[in-house]
Structure formats: structure tokens, C-alpha cells
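Here is my note for a reader coming to this entry for the first time. Please keep the sequence and the 3D view open while going through the points.

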Amino acid sequence: MKTVKFFLGALALAAVSMIAAPAVNAQENGNRDENGKVVRGPYLTNQLGDNWFVNLGGGINLGYDNSDWAVGGALNVNAGKWFTPSVGARVGYNGITGMDGLFGYIHADALWNISNAIGGYKETRLWDFVPYLHAGLLIDNPVAGMEWAAGAGLLNLVRITDRLDLTLDVRGTVYKRQGPAGFISTALGLSFNLGR
């Protein structure tokens with residue numbers, strides 16, 4: 001029951017952030033046409049080498065497994081690409097300290113920049129909300145082995161320069177061991193924008 005409450009709380013936090021995103025973006029002028037309406041496309045898409053990014057971050061991890069709770073460190077390393085201003089993908093590795101020591105999570109994420117989808121693309125926007133779904137392989141100590149895991153998260157991008165963003169990445173992940181298990185990682189870091 002505690003697991004259900006734990007993950008419902010995480011989902012509620014993500015939902016509040018997603019609801020708050022349009023309110024924050026409504027305060028910006030956005031990309032508007034001559035009649036004042038927000039322009040949401042069509043978008044100019046670039047070549048394969050454009051719109052790539054690399055994220056590095058660190059933070060804390062709260063895990064639950066077999067009625068036990070543990071707090072540890074989290075290290076995030078990701079690389080990805082934006083296909084349009086609203087749709088992107090990334091792959092990554094999360095090194096996390098959990099119940100049984102250090103384990104890793106190799107994952108793929110489907111990203112949706114809700115700020116650009118609702119408010120229209122704006123190159124100088126200060127704050128972007130990016131909810132995402134993820135799935136991958138959890139690699140634990142030799143006793144537990146490997147298993148599939150999945151979940152959802154919210155990536156916050158705060159613009160510093162054209163090439164650099166401050167990131168706050170909150171990820172909820174569930175998997176099955178002897179019973180329901182999962183973790184929430186919160187990592188603060190930087191995102192480096194590559195290419196055009």
C-alpha cells in the first residue's frame with residue numbers, strides 16, 4: 001500500500017508541474033503572428049547532425065523494495081536529439097545507489113516539450129517543461145541480475161545561454177523483484193546543445 005501511495009504522490013507532482021507549465025508560458029509573448037495568435041508550426045526541421053544535446057547531472061535517489069526504503073546518490077548521463085521543437089528522444093545511463101549498493105539503469109526516453117507544444121516555439125524561452133516516458137534495463141548486483149523497468153519523468157530546462165541549459169530531472173521508475181519495487185531520482189545538472 002505504501003508503494004501505491006509513493007507512486008501516486010510522484011504522479012501528482014508530475015501532473016501539477018504539467019498543469020503549471022501553460023500558466024508559466026502564458027506570461028511570455030511566445031511566437032505570435034500578426035493577429036497575436038500563437039504559432040505552433042509548421043517547423044523547419046534541420047539535418048541529422050542538428051539539434052543534438054548531452055545531459056550530465058547528479059542528485060538523490062529514493063528507492064522502495066520489499067517494504068524497505070533507501071536513500072542514495074544518483075548520476076545521470078544522457079544524449080539525445082530534438083526532431084521537432086516539441087518531440088525528441090534520448091538514451092542514457094543512470095548510476096544509482098540503492099538497496100543493494102550500486103546499480104545501473106540503461107534506458108530510452110520519449111520526450112515531449114509541452115512548453116513548445118502549447119505556447120509555440122520560442123528560442124529565448126527561459127523555462128521549458130518536458131514530460132517523458134522511459135523504459136530500459138535495470139542492471140543490479142550479481143545476486144539480483146537484470147530486469148526490465150519503465151516509468152515517467154519530468155525534465156525542466158532553464159535557459160542559461162543558446163548552448164547551455166540548467167536541468168532538473170525527476171524520474172519515477174517501477175520494476176518487479178519479489179514484489180513491487182521502484183525508485184524516484186531527482187538530479188540537477190547541465191544540458192549542452194550541439195549542432196544547429
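Is L188 buried or exposed? L188 is exposed, because its relative accessible area is 52% and the cut-off for exposed is over 50%. The points below begin with the model as a whole and come back to L188.

1. The mean pLDDT of the chain is 80. Of the residues, 72% reach 70 or more. Among the elements, strand β5 (residues 127-139) has the highest mean pLDDT, at 95. Helix α1 has the lowest, at 47.

2. **Where to be careful.** Two stretches call for caution. Over residues 1-8 the pLDDT is below 50. Beyond near neighbours in sequence, residues 1-8 have 11 contacts in the model. Over residues 18-29 the pLDDT also stays under 50. For residues 18-29 the model has 13 contacts beyond four places in sequence. Where pLDDT is low, the predicted coordinates should not be read in detail.

3. **Overall layout.** How many helices and strands does the chain have? It has two helices and eight strands. From the N terminus on, the order is α-β-β-β-β-α-β-β-β-β. Of the 196 residues, 40% count as buried. Take the contacts between residues at least 6 apart in sequence: 56% of them join residues at least 24 apart. The accessible surface of the chain comes to about 10500 Å². Carbon and sulfur atoms account for 67% of that surface.

4. **Salt bridges, starting with D109 and R90.** The whole structure holds five salt bridges. Side chains of opposite charge can pair when their charged atoms come close. One of the five joins D109 to R90. Their closest N and O atoms are 2.6 Å apart. D109 sits in strand β4 (residues 101-112) and R90 in strand β3 (residues 87-98), so this pair ties together parts that are 19 residues apart in sequence. Both D109 and R90 are buried.

5. **R90 and D169.** R90 also forms a salt bridge with D169. Here the closest N and O atoms are 2.7 Å apart. R90 is in strand β3 and D169 is in strand β7, so the pair ties together parts 79 residues apart in sequence. R90 and D169 are both buried.

6. **D109 and R171.** Which residue does R171 pair with in a salt bridge? Its partner is D109, with the closest N and O atoms 3.2 Å apart. D109 belongs to strand β4 and R171 to strand β7, so the pair ties together parts that are 62 residues apart in sequence. D109 counts as buried because its relative accessibility is 3%, under the 20% cut-off. R171 is buried too, with a relative accessible area of 1%. Through shared partners, salt bridges join R90, D109, D169 and R171 into one network.

7. S185 lies in strand β8 (residues 180-194). It is buried, with a relative accessible area of 1%. Not counting residues up to four places away in sequence, S185 touches I60, N61, A74, I96, D169, V170 and R171. D169 and R171 from the salt-bridge network are on that list. The side chain of S185 makes a polar contact with the side chain of N61, at 3.4 Å.

8. L188 is one of the residues of a nonpolar surface patch of about 1000 Å². Which elements give two or more residues to the patch? They are β1, β2 (68-82), β7 (164-176) and β8. Strand β8 gives the most, with four residues.

9. **A backbone detail at N51.** N51 is in the loop between α1 (2-26) and β1 (52-65). Its phi is near 65°, a positive value in a residue other than glycine. N51 is partly exposed, with a relative accessible area of 26%.

Conventions: Residues are numbered from 1 along each chain as its sequence is written. Side-chain values use heavy atoms; hydrogens and water are left out. Buried means under 20% relative accessible area, exposed over 50%, partly exposed in between (1.4 Å probe, protein chains only). A polar contact is a pair of N or O atoms within 3.5 Å; within protein, one must be able to donate a hydrogen and the other to accept it, and residues adjacent in sequence count only if both atoms are side-chain atoms. Contact means heavy atoms within 4.5 Å. Patches are made of residues with over 30% relative accessible area and no salt bridge: like charges are joined within 9 Å, nonpolar side chains (Val, Leu, Ile, Met, Phe, Trp, Tyr) within 5 Å. Accessible areas come from the Shrake-Rupley method with a 1.4 Å probe; for residues, only the protein chains shown count as cover. A salt bridge is a side-chain nitrogen of Lys or Arg within 4 Å of a carboxyl oxygen of Asp or Glu. pLDDT is the predictor's confidence in each residue, from 0 to 100.
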